[in-house]
Amino acid sequence: MRYIADHDFHIHSTVSRCCKDENQTPETILQYAKENNFKKICLTNHFWDESVKSEAEWIEEHGYKYLTSVLPLPKAEGIDFLFGAELDMDYNFVLGISRERLNELDFVTVATTHMHLAGNSVRTKIMTPEEGAKIWLEKIRELLKKDLPFHKMGIAHMTCGHIMKEKTSEVIKLLKTEDLYEVFSDCAKKGMGIELNTKTIFNSEEEKDILMRPYYIAKDCGCKFYLGSDAHKVSALTSAKENFERIITILDLQETDKFVLQ
Ligand SMILES: [Zn+2]
Ligand SMILES: [Zn+2]
């Protein structure tokens, strides 16, 4: 049975500093879920837990007080509106959340590819695709080494433009097949979800093959997938479902490939 697009586990609201659309409120997001017949959605604003020590400097407005300022979330019958966050990992591989706060959240999506944040998630600006590929792998490996509740965690936008803008596909191309099999086998074993982010954009068939390769390998390893619009504005919500269906078709995903959040 074809994978049903019945959820969205990566959505931002005005609490994220990069969200500039004042209409991107929890109420609007709930309405989006109703219109698309989603059963579960999760609000995942950017979050760096200020109780976690990091050499890097993080935005104060992404602290706990701001994250939780949207609570309580609005309700609608038949829709589970979950409360989560998008986490970062600093250049020393410190994950920006304490265990205590992780326990309070329903779900977290971990951005291992925010490689545009020099001085934070990467030490210095990424200069070459080789360097990008090295960090791409290291971040996932280091994340998987940690003792975490992986059943309620996902890896965000693995092939997004934050990696190296227009050179992102060059970075992904450099990832060795055996290394991808190694990390995704571990993901599958630990039960961590793989995000299908609607922002994975390709401009040609060749680029599509390059950017989709990690997902095909993840599928082959038995990884489970969830959908994430990563919407920061209302117009992105409007096109999300169509983009989800497109990715489901490309990867030929079935219901058995779905990451199920309990
Ligand atoms: Zn992100
Ligand atoms: Zn995001």
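Predicted model: local features only at pLDDT ≥ 70, side-chain atom pairs only at ≥ 80, totals over all residues.
Local features rest on pLDDT of at least 70 and side-chain atom pairs on pLDDT 80 or more, while totals for chains, interfaces and linings use all residues; residues are numbered from 1 along each chain as its sequence is written, with chains lettered from A and ligands numbered from 1 in the order in which they are written.

His7 belongs to strand β1 (residues 7-11); strands (E, at least two residues) and helices (H or I, at least four) are DSSP runs numbered from the N terminus. His7 is buried, with 23 other C-beta atoms within 10 Å. A residue counts as buried if 20 or more other C-beta atoms, placed from the backbone, lie within 10 Å of its own, as exposed if 12 or fewer do, and as partly exposed in between. Beyond its neighbours within four places in sequence, His7 is in contact (C-beta atoms, placed from the backbone, within 7 Å) with residues including Phe38, Ile41 and Tyr226.

Helix α4 comprises residues 129-145. Its buried residues are Gly132, Ala133, Ile135, Trp136, Lys139, Ile140 and Leu143. Seen down the axis of α4, these buried residues fall within an arc of 170° (taken from the directions from the helix axis to the C-beta atoms), so they line one face of the helix. The face turned away from the buried side of α4 carries the exposed residues Glu130 and Lys145. Against the buried residues of α4 pack β4 (107-111), β5 (153-155), α5 (168-174) and α6 (177-190).

Terms used. Expected span 1.5 Å × (residues − 1). Contact = placed C-beta atoms within 7 Å.
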